[in-house]
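Please read the following report beside the sequence and the three-dimensional model.

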Amino acid sequence: MLSELCHKHIPLAYVKWVASFLANHEAAICIDRKRGTMEHVVNGIPQGSPISPILAAFYTADLLEQFQPKQAGQGEPNPNKTTDVHLLMYVDDSKLYMSSKSLKTNITHLKEAYNKAENWLKAAGLSPDYAKRELMHYTRRKNNGSPSISFDDGDGTHRIVKPESTVRWLGVHFDWKLCFQKHATILAAQGKNTVSGLTMLANTVCSLSQTHLQHLYLTCVSPKILYACPVW
C-alpha cells in the first residue's frame, strides 16, 4: 500500500499518516453484547472507515491502468468493430466488458482479460472469489447461442461459467436485453415488503401520526423502489 502511494507521488506526509493508520490494529468479535478478546490484525484496512475506500482505490489503481485504452481520444466507438476489454471497479466489485459482432470473440477476449486480472491479483497478494463470477451477453439476437467460459482455476478445479438471464451488479439487476423490467419488479417487491412491515405502526387504535408515517415512507420505502432509477 505504501509503495503504491509513493509510486502515485502522494506527498510524504500523507504516506506517513497512512503508515501510522495501518499500524497496530486490533479487533474483537462482539455477539449479543459480549465482546471477545482483542486480537492483532496483521493485514487489511478497517471496514467502516471513510479512508478505507480511498486506500482500496489506490491499491488497485494499477490493475485499472492495465485495461486503460491504448490511445486516448479515439472518438466514438464503432459498433461494427471489436473493442478492447475494459474494466470497471468499485472497491472489490469489478466488471470486465467488451463488444463485437461475435459472442465467441467476446468470451475469448474476456477469458484472456480475466486471467490477466487474476495474475495481477496474485502478485498483489489478493485473490478472486470464483463462486461470484457471472457472465452476461447483451444482444438483440433471439438465438444467440449463449456460449459459456471455462476456467482452469488456481485451486486445481475446472469450472464453467454459464451466461445468466439476469445479473446483479452494485444493486442493479441487468437482463440480457437491458429492459430494466426485472430490476423494477424486484425493487417493487422489496418496497411492498417494507410497507407490510410498517402496517403494525399504523393501526387505528394506537399508531403513529400521518406525518410520521409519511416520513417513514419517504425514508424507508421510496429509496428502495427508486434505487438506481437514473440507470434506466
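The report below describes a helix, its packing, several salt bridges and a nonpolar patch.

This is a predicted model, in which local features need pLDDT of at least 70 and side-chain atom pairs count only at pLDDT 80 or more, while totals for chains, interfaces and linings use all residues. Residues are numbered from 1 along each chain as its sequence is written, and side-chain values use heavy atoms, with hydrogens and water left out.

**Helix H5**

Helices (H or I, at least four residues) and strands (E, at least two) are taken as DSSP runs and numbered from the N terminus. Helix H5 covers residues 103-123, and because 21 residues at 1.5 Å a residue should span 30 Å, the 30 Å between its end C-alpha atoms agrees with expectation; the expected span is 1.5 Å times one less than the number of residues. Buried is used for under 20% relative accessible area, exposed for over 50%, and partly exposed for values in between, with a 1.4 Å probe and protein chains only. The buried residues of H5 include Leu103, Ile107, Leu110, Tyr114, Trp120 and Leu121. The buried residues of H5 pack against helix H3 (52-59), helix H4 (61-66), strand S6 (93-97) and strand S7 (149-152).

**Salt bridges**

A salt bridge is a side-chain nitrogen of Lys or Arg within 4 Å of a carboxyl oxygen of Asp or Glu, and a search of the whole structure finds six of them.

| Pair | N to O distance |
|---|---|
| Glu118 and Lys122 | 4.0 Å |
| Arg133 and Asp153 | 2.8 Å |
| Asp155 and Arg159 | 2.8 Å |

Glu118 and Lys122 are four residues apart in helix H5, which means that about one helical turn separates them. Glu118 is buried at 7% relative accessible area, whereas Lys122 is partly exposed at 47%.

Arg133 forms its salt bridge with Asp153. Arg133 lies in the loop between H5 and S7, and Asp153 in the loop between S7 and strand S8 (158-161), so the pair ties together parts that are 20 residues apart in sequence. Both Arg133 and Asp153 are buried. In the pair of Asp155 and Arg159, by contrast, Asp155 is partly exposed at 43% relative accessibility, and Arg159 is partly exposed at 26%. Salt bridges that share partners join Arg133, Asp153, Asp155 and Arg159 into one network.

Glu4 lies in helix H1 (residues 2-7) and is buried, with a relative accessible area of 16%. Leaving aside neighbours within four places in sequence, Glu4 is in contact (heavy atoms within 4.5 Å) with Phe58, Tyr59 and Asp62.

On the surface, Val195, Tyr217, Leu218, Ile225 and Leu226 form a nonpolar patch with about 430 Å² of accessible area together. Patches are made of residues with over 30% relative accessible area and no salt bridge, like charges being joined within 9 Å and nonpolar side chains (Val, Leu, Ile, Met, Phe, Trp, Tyr) within 5 Å. Accessible areas come from the Shrake-Rupley method with a 1.4 Å probe, and for residues only the protein chains shown count as cover. Helix H7 (residues 210-225) gives the most to the nonpolar patch, with three residues. Val195 lies in helix H6 (residues 181-198) and counts as partly exposed at 35% relative accessibility.
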